[in-house]
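Here are my notes for going through this one with you. Keep the viewer open and follow along point by point.

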Amino acid sequence: MDFGLVLQTDPPASAVVELMRRAERNGFGYGWTFDSAVLWQEPFVIHSQILARTERLIVGPMVTNPGTRTWEVTASTFATLNEMYGNRTVCGIGRGDSALRVAGRKPNTLARLEDAIDAIRDLAEGREAVVDGSTMRIPWIEDSRLPVWMAAYGPKALALAGRKADGFILQLADPFLTEWMVKAVRSAAAEAGRDPDAVTVCVAAPAYVGDDLDHAREQCRWFGGMVGNHVADLVSRYGEHSGAVPESLTAYIKERQGYDYAHHGRAGNPDTAFVPDEIVDRFCLLGPVEAHIEKLERLRELGVGQFAVYAMHDAKERTLDAYGEHVIPALTG
């Protein structure tokens, strides 16, 4: 199992870079950042500094979207980073939540996302692609490689990830839901004539190492609110009792009253009071290192190839160091 670190690009950017360097020293192989231009600093500028100050870390957004940048700009940015630092980038992508809604726009359709996955990958690897009806190729690209990993929850998005993506990003660490969604992605991959095992599965969720569970829950409750944004979209599209999405995912948002993106992804978010302790425990990894190892072993059995640690809490350094000393060795041998 690989491990990644996920951070928001809050200023100062130097602190983000230093945490990524700490993660690499502790055995993490991936460095991910949020991508919402209004809420945080521009991630790709910071990615360049992370790549310059690490040796092996693979870097990318979790996640970008097809709407805030034109596809040729996104592809050229990745290819430039690859040319400067070797092929050490990965493109996490989704329909778009905070980046678009904060700017007053709606998330992209799945049809547009599907076209973007193909176009961005092709352009970033030097091939022709069609962007908004125009065929183009970036002529200076020679040996760039860009895996594209897609974030998804609902059945249509999971099917798209199976058909098109090199990796599947699931932003929660509940074993039951992970099993359900991984099966959906791999079934879609098989139906598309792909090798289902070739789709990397990345689970991303807050991890908090410590013995005070009540405090850990309060530090990570924001995550249930963030996931709730996507769940609310699924309920509006499919209905709460449609069977298209497990009720173990949808039931907890009944008391949800709305969401202020000013607190997005932050401990103490006042819009997440509706999230019960049960959801925090299911979606996150909390407690002593033994509890983390036990849950990660279960996720690995379900086919998860990477666990990406959301570290938006007050124990960033302690958690990274505990993972480096205990958790990563236990999961990698």
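1. A term to start with: a polar contact is a pair of N or O atoms within 3.5 Å; within protein, one must be able to donate a hydrogen and the other to accept it, and residues adjacent in sequence count only if both atoms are side-chain atoms. The side chain of T64 makes one with the side chain of D35, at 2.8 Å.

2. Some ground rules. This is a predicted model, where local features need pLDDT of at least 70 and side-chain atom pairs count only at pLDDT 80 or more, while totals for chains, interfaces and linings use all residues. Residues are numbered from 1 along each chain as its sequence is written, and side-chain values use heavy atoms, with hydrogens and water left out.

3. Now the whole chain. You'll find 12 helices and 11 strands in it; these are DSSP runs numbered from the N terminus, with helices being H or I of at least four residues and strands being E of at least two. The radius of gyration is 19 Å, close to the 20 Å that the globule rule gives for 333 residues, so the chain is as compact as a globular protein of that length. That radius is taken over C-alpha atoms, and the rule is 2.2 Å times the number of residues to the power 0.38.

4. How much of the chain is buried? Of the 333 residues, 55% count as buried, meaning under 20% relative accessible area, whereas exposed is over 50% and partly exposed is in between (1.4 Å probe, protein chains only).

5. Back to T64. Look for T64 in the loop between strand 3 (58-61) and helix 3 (71-85). T64 is buried, with a relative accessible area of 1%. Leaving aside neighbours within four places in sequence, T64 is in contact with D35, R69, C91, G92, I93 and G94, where contact means heavy atoms within 4.5 Å.

6. Check the backbone too. Most residues other than glycine have a negative phi, and most peptide bonds are trans. The bond from M62 to V63 is cis, with omega near -5 degrees, and V63 sits in the loop between strand 3 and helix 3. The bond from P11 to P12 is cis as well, with omega near 0 degrees; P12 is in the loop between strand 1 (2-7) and helix 1 (13-25).

7. Last stop: D132. Its phi is near 50 degrees, a positive value in a residue other than glycine. D132 is in the loop between strand 5 (129-131) and strand 6 (134-136), and it is exposed, with a relative accessible area of 59%.
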